[in-house]
Amino acid sequence: MANRRKLDDPVTEVFRQIRLEHNKQIYQQHCNMSANLNKNSNTQSEQKDKEVQSSKRTRRRRRQKKRGDETQEDSISTRSISSNSNTSLSSFISGLVFENKNKVKQNEYSSASTSCTKNIGSLKDVLHFSIKPVTDNINSIFLRKRNLTQKFINLKSFFKGIPCLFLSKCEQSTNNKNNNKPKGKRHSKEESGRRRKRKENENFEDYINEDQVKEGLLNNTLIKGFIRINPKNSRESYVNNEDTSIADYFILSITDRNRALEGDEVILRLNPEEEWTEENRTAKVVYLLQKVHTRKCVGTLRLSDEKDSTFAMFIPRDKRFPALRIQELYWPDRFREYNNEFENILFLAQLLEWNTPDIAQGILIEKLGETGNLIVESISILKENNLDVTPFSDELKACIPKIDYIQEKEFEYREDIRNKCIFTIDPATARDLDDAVSVETLPNGNYEVGVHISDASFYLEEGTELDQVVSRKATSIYLVNNVYHMLPEELCMGCSLLPGEDKLTFSVFWEMDKNGDIVNKRFARSVINSCAKLAYEHAQMIIEHSGKEFSITDFPKIHNGFTVDDIVDKVVVLQNLAVALRKKRLRNGVLKISNIKLRFHLDPDTGEPIEFSIEENKEAHRLIEEFMLLANITVAQKIYDHFPELAFLRCHDPPKDKMLTDLQNKLSEYGIHFDTSSSATVAASLEKYITDDFEGQCRDIVLKHLTLKSMTRAQYFCAGKKTTKDDFKHYALSIPIYTHFTSPIRRYADIMVHRLLAASLSYREQPEWDKDYVQAIANNCNVQKYQAKKAGDASGELYLAHYVEKHQPFSETCVVVDVRETTFDVIVIKTGSIVRIYQNTCPRGTIWSYNSHKLTINVPRCKNFDTACIIVELFSVVTVKLKRKDSYHLEGRLVIQRQPIKGEKRRLKHPKESFRV
């Protein structure tokens, strides 16, 4: 039987005899080491081996102690002997090193050696051996590898069907995915992956008490901040560092995050310095100061694999949220019997208790509906972002004063400018008309430009129940298929500056010369009657054809006895002044970076997207933008002059110095010299490398994306909460002070500013606020504005994903914006979507080699196509086939252009890649 097995399975027999020969070698090496090796080198080698083995034994003993295993760990001695392709079979076998797991006794060495020596000659006749270095795995299957830390690999492999045994030094091997990872970037060298995994299963540490928090903040041993969690890797999270010259604090595990969720205000304690990474100081959460996150999440429900289990697993769509164990009491009806039917059903769940990092306890709150349904998905987006879209009750609507007419007493103190040519310029489909503009020529040749903003704060009385509800909502929410107003719809329409109707407004007037220099300014509550509702397309038509004679049919209805020529003349003057104002702002260093915005045309019956287009930013848009910015700046200075402690302002902090330095170094590798000393130099650098051709368009996309990633978010704040006026600055706009005044129908921040402006002009009593109250309102406005923006972006992604799903195949040209070892990110040029390409989406056998931010992708021969090699790096242009990944995300697969093999007669079919927006 033994002889038969030897012939049937020669490779196994080789391994058995090699192990025996190895035992002999270990014995001989120990006996002859002192005689054959130099004493100094031998001492160093033995010392190194002892340290390695001692470390291994210590770790094994710890694991055994935890498992309760009292068996003594055997001592393992490992020696590695290099070999090359010219080594003979006998010397190769005698030099191989294997792990002796079976404790062969010393008295077995001589017999094993004799047996192995006798059979080496016969083995040569049975098998053909060769020795090859590890270079690729295109035609091989690796069955075993070990001793990776010593940079040697012992493998049993099959190359092209020929049995082969080899030992190879593992230096920059393409098979080792971790070879090129910088050491110590995220974890200390001593911490293995197994240890980290075990750490995640431990219980969270208890929080310190409030007295310890106060003491730690006073003596600067503790740090306060808001937490951000990496949406693609929930183990990584960050807390802002107030010192912009230092990187943010890094939390490297869920255990160290200690039950905090996205946006929570936390107290940190720094880890010992030896646990810091090369780039960040690491810390752990020791106290949860404020639960900003609602502990609610949208996801799906799965029955536990355990038989007769009394709990199910809630799988959240947000990977930053822990999986929840849902007890049977909270299951939907008939879930156990028909759990497969619930696989595609979305639920809203609430986290109740979280004691271990890997799992938490929770309950189901609401069943939302089936995944893929546009209405259900839109609702889930609102729920995920904790946005309140509850309709206003009749009791709340009763708080709205009558807005059908304007009382006579309002004309006693308001400026009546209903006889002036005032008009609005907005998107064609807009209903909330917040702002209107006007311009008049003064006797001295200067112009009086007016910006007139709806006086919504007049109708929203402070302190009422309606005001409290509106303050919590803080903003209107704009989805593709719906708008959820901050104010009751009746109040929105009553405040909207519709043409031909008397409306209450807050006006800012400037006297300007022809060069846009401001001579004087003033503020007033006013009454207007807009003469026309212009769309951006109408204003753009006037700007592009200023000398053309327009007819009344080219415009919407014009009220109050004004003519087409009146409208045209006003738009031309405003455009000239806007151009002058913009030139001044650009000289001051304005940094304008905006993402691509899509506009969808929906089927009126089904609500599905029929087509989409990119929103353009033309001269007409920039005309209105200039005067709105000027109004915000002017009002910000006014309210700060009167209320230096209570002024409701908006700032934009400069990026972290480290972020800008990393950006600068990264771009320098591609010959792009980026000056990051100020917003002005960043803007100038962007402009220098952007051209009108296709390559310039790709550079524009990449540079703006990378620059935007390094930016911080703008924030509302109370002036009295800042220490110096330098903290008021707005980095992107390059101005010393700023606020929001021009959109009170859709932003509660503007309501606050209107109330302060009215008090500064003695239109109302002085506000009885304190700094804490104003800052609390500002904090809520920050959160709600950010959540509403995320919901709007997700809605656009949802409808785009639905469109892509309905129009397969969908291949688009993309530009690479980030390259990693096993993935790279691209931006779809036509949509602005960011899509990640994974290694496993490439054809089988494809090799990815990563070196210095560059990927070399080698694609093997496949059927009728020859091999191909693709270089992927920053700014590379690739073609990607897009598919709908889940509810509102896209996934991509790299389209590889390969030459067909000559002589093949089979006709090749190529997918259609043409697409028009």
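Rings of Phe, Tyr and Trp (its six-membered ring) count as a pair if their centres lie within 6.5 Å; planes under 30 degrees apart are stacked, over 60 edge-to-face, and the rest tilted. We're working with a predicted model, where local features need pLDDT of at least 70, side-chain atom pairs count only at pLDDT 80 or more, and totals for chains, interfaces and linings use all residues. Residues are numbered from 1 along each chain as its sequence is written, and side-chain values use heavy atoms, with hydrogens and water left out.

**Exercise 1.** Find how many aromatic pairs the whole structure holds, then classify the pair of Trp 331 and Phe 335.

*Solution.* Start with the search: the whole structure gives 20 aromatic pairs. In the pair of Trp 331 and Phe 335, the centres are 5.3 Å apart and the planes make 70°, so we call it edge-to-face. Now check burial (under 20% relative accessible area is buried, over 50% exposed, in between partly exposed; 1.4 Å probe, protein chains only). Trp 331 comes out at 10% and counts as buried, and Phe 335 is buried too, at 1%.

**Exercise 2.** Work out which parts of the chain the pair of Phe 600 and Tyr 799 ties together.

*Solution.* First the geometry: this pair is tilted, at 6.2 Å centre to centre with 55° between the planes. Next, place the residues, using DSSP runs numbered from the N terminus (helices are H or I, at least four residues; strands are E, at least two). Phe 600 sits in strand S22 (residues 598-602) and Tyr 799 in helix H22 (residues 771-806), so the pair ties together parts 199 residues apart in sequence. Both Phe 600 and Tyr 799 are buried. Finally, widen the view: ring pairs link Phe 600, Phe 612, Tyr 799, Tyr 803 and Phe 810 into a cluster.

**Exercise 3.** Describe the surroundings of Lys 883.

*Solution.* Locate it: Lys 883 belongs to strand S32 (residues 877-884). With a relative accessible area of 43%, Lys 883 is partly exposed. Then list contacts (heavy atoms within 4.5 Å). Setting aside neighbours within four places in sequence, Lys 883 touches Val 804, Gln 808, His 889, Leu 890 and Glu 891.
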